[in-house]
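My plan was to start with the whole chain and then look up single residues.

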Amino acid sequence: MALPFHLCQPGGGASCGACCGLYNFKDHSRAALTRALDRRTDTIRALPKTPEAYQGAARSLRRWDKDPMFPPVRLCPLLGFVDEERKRVGCLAHPAVTGGIDLRDCGAYDARTCQSFECPSFLWLDAPQARLVRAALPDWYRYGLVITDVEFVRGCVKLLEAELGGRADLDAIVARPEALEAARELLSLKETAPDRPRDAAIFGRFASDDLGEPTPRTIDYEGLGADAAPEDDVVLCLGYDPRRREELERARALVREKVRAVAAALARAAEGIVQLGIGAPAGA
């Protein structure tokens, strides 16, 4: 089933630049990336709209792109803020931004590649999942982190369905403010989860191998003296690297708490609908 909107620029305040290498830095904190995007935006907005100017700026800006998480993954220096409020990320060389001139050949890729590329999320997320992420995270930083982590989104939905004992109506979450706020807190763990190793070469479920390529991480259950648990996929996607069983249990408990909050909010919303008589059986 085709998605109802483009994941990169879905509207509603969300946007994503992950395919341009936005998060591919060892320090991919909001503050660090905001500084990088501001620098690029200030530089490129002042330029004449010519290939020579954009190529020169791209060469100059690349000197700032140090300490990539995965060196083989390209970093495009033409990614920046595309709105005046600086709340939406995108390609500063795109014709929709330049006023009609396509300057994407001046960046890390060429215009044809940029035009045709779709990340795996286009294939692996379904429409309700995409709508939930867009509604819950109207923010460039968190939206991009989450919409590109299919295992995290699917893992959260799987845990929610286990808690509910059946299929989760994700569109109902979007429609109910209390449930949507609880879902926002769950998905926002990608930024807010505490006690994660900040100085390790870890990005979600992946680590950098000796060649700089992403390699999947696992939990050393035998070393921790622990058994596998349903929350562990999400724990790994959040970037936890537990070295003691207590660390693993704390991470699991945090995930369970947030999932149960979504389920409880849905239950309260459904109870309120029944009390109002909406959708009540005929003759009730």
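**Entry 1: the whole chain**

I began with burial. Of the 284 residues in the chain, 44% are buried. I kept in mind that this is a predicted model.

Next I looked up the secondary structure. I found 14 helices and five strands. Then I checked the radius of gyration. For this chain it is 21 Å, close to the 19 Å that the globule rule gives for 284 residues, so the chain is as compact as a globular protein of that length. I also took the spans of the C-alpha trace along its principal axes. They are about 70 × 55 × 30 Å.

How much of the contact count comes from residues 24 or more positions apart? I looked at contacts with a separation of 6 or more, and such residues account for 68% of them.

The surface came next. The chain exposes about 14700 Å². Carbon and sulfur atoms supply 52% of that area. I also looked up the charges. There are 39 positive and 42 negative ones, and their mean positions are 4 Å apart.

**Entry 2: the aromatic rings**

I searched the whole structure for aromatic pairs and got four. One of them joins F81 and W140. Their ring centres are 5.7 Å apart, with 80 degrees between the planes, and the pair is edge-to-face. Why does this pair tie together parts that are apart in sequence? F81 lies in strand β1, residues 79-81, and W140 lies in helix α7, residues 140-147, so the pair links parts that are 59 residues apart in sequence. Both F81 and W140 are buried.

I then followed W140 to Y141. Their ring centres are 5.6 Å apart and their planes stand at 85 degrees; planes over 60 degrees apart count as edge-to-face, so this pair is edge-to-face. Y141 is buried, as is W140.

Which residues do the ring pairs link into a cluster? I noted Y23, F81, W140, Y141 and F203.

**Entry 3: strand β3**

I checked its cover. F203 has a relative accessible area of 22% and is partly exposed. The cut-off matters here, because buried means under 20%.

I listed the contacts of F203, leaving aside neighbours within four places in sequence. They are Y23, H28, M69, F70 and L145. I also looked up the distance from F203 to N24. The two are 179 residues apart in sequence, yet their C-alpha atoms are 8.4 Å apart.

I202 is in strand β3 as well. Is I202 buried or exposed? Its relative accessible area is 11%, so I202 is buried. With neighbours within four places left aside, I202 is in contact with H28, M69, P197, A207, R217, G239 and D241. I202 and F70 are 132 residues apart in sequence and 9.8 Å apart in space, C-alpha to C-alpha.

**Entry 4: C16**

I went to the segment before α1 (30-45), where C16 has its place. C16 has a relative accessible area of 12% and is buried. What does C16 touch, not counting residues up to four places away in sequence? I found L7, C8, V89, Y143, G144, I147 and T148. I also looked up C16 against L170. These two are 154 residues apart along the chain, and their C-alpha atoms are separated by 21 Å.

**Entry 5: loops**

I turned to E84, in the loop between β1 and β2 (89-91). E84 counts as exposed, at 65% relative accessibility.

Then I looked up positive phi values outside glycine. D67 has a phi near 55 degrees. D67 sits in the loop between α2 (51-61) and β1. Its relative accessible area is 52%, and D67 is exposed.

D195 is not a glycine, and its phi is positive too, at about 65 degrees. The loop that holds D195 runs between α11 (189-192) and β3 (202-203). D195 counts as exposed, at 63% relative accessibility.

Terms used: Residues numbered from 1 in each chain as written. Predicted model: local features only at pLDDT ≥ 70, side-chain atom pairs only at ≥ 80, totals over all residues. Heavy atoms only, no water. Helix = DSSP H or I, 4+ residues; strand = E, 2+ residues; numbered from the N terminus. Rg over C-alpha atoms; globule rule 2.2 N^0.38 Å. Buried < 20%, exposed > 50% of the residue type's maximum accessible area, 1.4 Å probe, protein only. Contact = heavy atoms within 4.5 Å. Areas by Shrake-Rupley, 256 points an atom, 1.4 Å probe, with all protein chains shown as cover. Lys, Arg positive; Asp, Glu negative; His and termini not counted. Charge placed at Lys NZ, Arg CZ, Asp CG, Glu CD. Phe/Tyr/Trp six-rings, centres within 6.5 Å; stacked < 30°, edge-to-face > 60°.
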